[in-house]
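Okay, thanks for coming, everyone. Let me put the structure up and then walk you through a few spots.

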Amino acid sequence: MKILHRFMIKQFIGPFVLMFFIATFILLMQTLWKFVDELIGKGLELSIIGEFLLYSSVNLTTMSFPLAVLVASIFTMSSLGENCELIAFKASGISLQRIVFPLVVMSIVIAAAAFLFANNVSPVATLKMRALLEGIRRQRPELQLREGVFSNLVDGYSIRIGKKNYNTNMLYDLRIYDHTEGIGNISVVLADSGQMALTSDKRFLEITLFSGHRYNEMVDRKTVNKKNNNHPFSRQVFDKQIFRMALPNFDFSRSDEQIFKKGYAMMNLNQLTYTTDSLSLIMENQKNQIRAMTKPAFERVSTHLPKPDSAQRAKIPEDLASAFAQLSKAQRLVNLQKAISDTRTQKDQFIGLMFERENLSYQFRRYDMEWHRKFSLSLACIVLFFIGAPLGAIIRKGGLGTPIIIAVLFFVLYYVISMIGEKAAKGGALSPLTGMWMSTAVVMPISIFLTYKATRDSAIFNKEMYMNIISEVLGWLFAVRRPLRPENAVSFDNEELQPERMIRMMENLSQLCHFYITDHLSGKTRFAGIIRRQQDETLDRIGRLYDHVQTVIRKADISLIRESADEYPGVSLKNWQMNISNRLRVLMWAIPVVGLYFYLKVLIQRSTLRKELNSIITANRNLTTELSVLCGKAMSEKTPAEVETFIRRQLSSWPEAGARFLGLDTIPCKSVTVNRFTVKVQYNPSGIRPVAASADEPPTAFLPCFLCAAHRPPEQLCMIRGDYHLLLNPCPVLPKHLMIADSRHLPQLIDGRIPDMLDWAQYLKNFLVLYSSPCCGASTPDHFHFQAVEAGHTPLEALLNDRLSGKKTGYHTDTAFCGRYYYFSSEERQTMCKIFADVYRQLPAADEAPAMNVYCRHLDGKWEIVVIPRKKDHPDACFADKDDLAVSPGAIDMAGVIVTTRRQDFKHINANAVAQIYREAAFFDEQ
């Protein structure tokens, strides 16, 4: 046996055995609930109840086999898919057919075992269970009395009760007929009420009767059969009387199994075949008898008429009425009475034969159904396997939850169809062959379809595929046809082909698109808003600028942007509003269906336009990033290729993070000038990871560390470099926002980490590497990490380029920005480490380490570091209405990009609030 075969069988056996016992237990509980009235309150020994449950469980295993195969196949294949083992097999050149081949063999073996079990073991268990149940029913006959029904469970007596109080055990309207003498119904007891109880030796059933009568006929056994029906009669009236009945069969005894051996459920295939053949012969004989009885009625009537001569004997009289009129009145009366009598006799015989034939036909159907059941349930193991295995290979979601839910749904479908077919076959609406195989005929095409889709790696459970289908249907239904925008003749000069001019045009286009999305396509669409009252000048301006940018990009012969230019989106920019006439407007308000049609059409067009504008913004961002290298706005060296590949791969494989990075182009932003320094403010609710209940609690108070490998989302990729893991920040603030986390769970202390920071700044050529001390904006103060953001997005870099270029290492102040800060640069690594160590010792320590934000970059072969000492983590800045400003500045905020997570904060923040934030967070000379 190959290693793959052993591996697959090992993966399959465990879930199959587990689910087999679970399914048997569930079905057994259903059976126990069905017979609970037969078992409870009869003083049975535990061994008897255990034997009954054992026989029941053996009888139910024929239903457990298919369900166990279905669940085990789904569980096995989905676990392989979730753990990427299925992909590894296919990558090694092993097809899906070869992978599931050992499981196919296992399902065939299980189907054969199920057939042998159903043919040889299940009939014997059913026979013993039926005999045992009959013995249990006879043990306590007094508990089987039903209201309004005569019961003959006590030998020699017929008992009827009108009503029974189950709480007090009081019986009402009692009638007891005593047949113990064997000479007829000669003793009757009527009582208004009574109570029933067993004697202490449990040999008699005593009924205490109240307010009743007893009627007896004094019949002599010697004269009971004579014609004299006159007998003495006695009547007794009583207020209370005890009636005692013997219970000779109270002690538990097993019924004779031979009584039930002829049942269809107690036979194997040979016995069923023999019985059905015998019934077929009997039914054929009955058919011949009925055919013989259906001869023309005049043949019976003509036997009572005068016999014709031998020449006319073979002929039928031409005028039967005239021949009948020639008879005398007495002869006519005799013939009529004889004909009526013969007709009634023939009718009774025919009805009896038809009733007997119907009973035999019902018995024949039950035996034939049982014959087919033994094959259909066995074949169900194979059919359901070819449903479970493809489903598991397609879904690829492990665990017990999803496989069991899907398996139960398909098994319920199979079971319901099977019950419908069985009931129809039992009533004669369908043949036993059709009824018993109907469920297999319905489920088998599904198994073939799923197997075909699994071998083709079809994504039939991919919601995006169905969303695309729905979009196409809605597009066809609402006539949303958005052809590509036609190429218009655009004139331009050669200066517009320069990278600087191209960047400026694309930035203007992105700003217009962003403005249109926030101003026109955000919020809900009111019904009145679908009517266009005037020309949409903003969208027309976007269309003209888009045509101009697209033409310039195509004409520009720049090899660096050629690939991105080829992928520049082609859109239509069709207006989502409609010109509606006054008549149609009245019709929309008068007929809700018409208005709903146009409203849905507008929603679809609006959603399509939003996607088109976002695609333009994304394409412009990619092109401006590439063009900035040519015009000197980026670093002199590009980001390492492996980092770029890592970022693109992460954004494509993690839709949630990709949507947040894409949303950075559409979030509201504004600029606030404080003295001579311009600060960027953005409203970004997803830019802050909720890690603590309050600002005073450490993040680890109730959430696990999301930087540790064990707690990261499964979609988050990791790039390992030395002792650090490079991660994409799932809650970005700036484009290409990265996290550089230590592989170990160590505190957020920078002492001794400056060489690592310098190394990362040198490796990430066009990135700014940031550090926040534990009490100054670090998202995880108990796990050391750096941050890295793409260069050119923070005002601090403008400060480094404009004000600090050429300055000496040392202490500086900036009253318009962050107050006191340290700046030093060098081409020597050891020099940078020594200077930082001196600065680190000079700063006042807060708790474990000095409070600070550190920024590092590597440019033109030289490192630059800025250290901003921190005074407070959470400033007390307030607005005029005294509402606290929910801003906790970290390294990015202190670099000039303030992130607000509440709309009211973004709306009310101004220059005074920004200045107050920096003055409370950092040190200024006057402080």
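Helices (H or I, at least four residues) and strands (E, at least two) are DSSP runs, numbered from the N terminus. Angles run from 0 to 180 degrees between N-to-C directions, with axes as lines fitted to C-alpha atoms, for helices over the stretch in contact.

This is a predicted model, so local features need pLDDT of at least 70, side-chain atom pairs count only at pLDDT 80 or more, and totals for chains, interfaces and linings use all residues. Residues are numbered from 1 along each chain as its sequence is written, and side-chain values use heavy atoms, leaving out hydrogens and water.

Three strands make an open, mixed sheet, in the order 6-7-19; two strands count as paired if DSSP finds at least two bridges between them. On average, neighbouring strands here are turned by 25° against each other, ignoring direction. Strand 7 (residues 677-683) runs parallel to strand 19, joined by four bridges, and Gln682 is opposite Val899 in strand 19.

Then there's helix 25 (residues 911-921), which lies across strands 6, 7 and 19, at about 70° to strand 6.

Leaving out residues up to four places away in sequence, Ser439 touches Tyr414, Ile417 and Ser418.

Terms used:
Contact means heavy atoms within 4.5 Å.
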